[in-house]
Amino acid sequence: MQRKATETVRTQMECMRLICDRDAKIQLHKVDSFMASFCNSLDSIKAIVEETMQNQGKSGRLKSSLREADDEFVKVLAALATSEEIEHQDIDHKRDIQEAMLWYNRVLGFKIEGGQGVKFTLNNINLKNQDEECSFTIRHENDMYTLLGCDPQLNDTKQLIHELNKTNGLFKFVRKMREKFEESASLGRVLIVAFL
């Protein structure tokens, strides 16, 4: 009887050992699957990080190119301002300036309109929506610039107008306003400020 009890215990222990071995293999397989999945996830994340870094590099180069184009535009705008002050401008010179303005309108998304003041309309600001327009209108009267409107409204325009009146640097002001619109678009929200 004792022998049968011993054999039953051995049989039960053998069954439990087989169950443990089987469960250990299942758990080991689950751990291996998890590790493989984890490694694949890390590889995927690494690829995304590398792509993001490449895109940031491209974005930096595009911004640099845009600043260079803005500098060239300032030169053309200066030539335009000079040409408007001189009544007897050469027709070919005006045509060249108009072609340059059309190029800047097309490439930089920059338009100028006269009226109560001078309205500057810019697009190619928001990388998510290149056609979205931002604009501001300024007036120059009695040797003083005034901001008549800004869409969307931005912070620090009062400081920029003060600097414009101090330096008379219209082209720098236009570039700063473009940078402010780009900054606002990159934040994904409109910054609001009182004009006076």
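## The sheet

Four strands form an open sheet in the order E1-E2-E3-E4, with antiparallel pairing; two strands count as paired if DSSP finds at least two bridges between them. Strands (E, at least two residues) and helices (H or I, at least four) are DSSP runs numbered from the N terminus. Strand E1 (110-114) and E4 stand at the edges with a single partner strand each, so one side of each has no neighbour in the sheet. From one strand to the next, the twist averages 20 degrees.

The antiparallel strands E2 and E3 are joined by 5 bridges. Thr-121 stands opposite Ser-135 in E3.

## Basis of the model

This is a predicted model, in which local features need pLDDT of at least 70 and side-chain atom pairs count only at pLDDT 80 or more, while totals for chains, interfaces and linings use all residues. Residues are numbered from 1 along each chain as its sequence is written, and side-chain values use heavy atoms, leaving out hydrogens and water.

## Helices on the sheet

Helix H3 packs on the sheet and touches E3 and E4, where contact means heavy atoms within 4.5 Å. The direction of H3 makes about 150 degrees with that of E4; axes are lines fitted to C-alpha atoms, for helices over the stretch in contact, and angles run from 0 to 180 degrees between N-to-C directions. H4 lies across E1, E2, E3 and E4, at about 155 degrees to E3.

## A residue in contact

Leaving aside neighbours within four places in sequence, Ile-138 is in contact with several residues, including Phe-120, Leu-148, Ile-161, Leu-170 and Phe-173.
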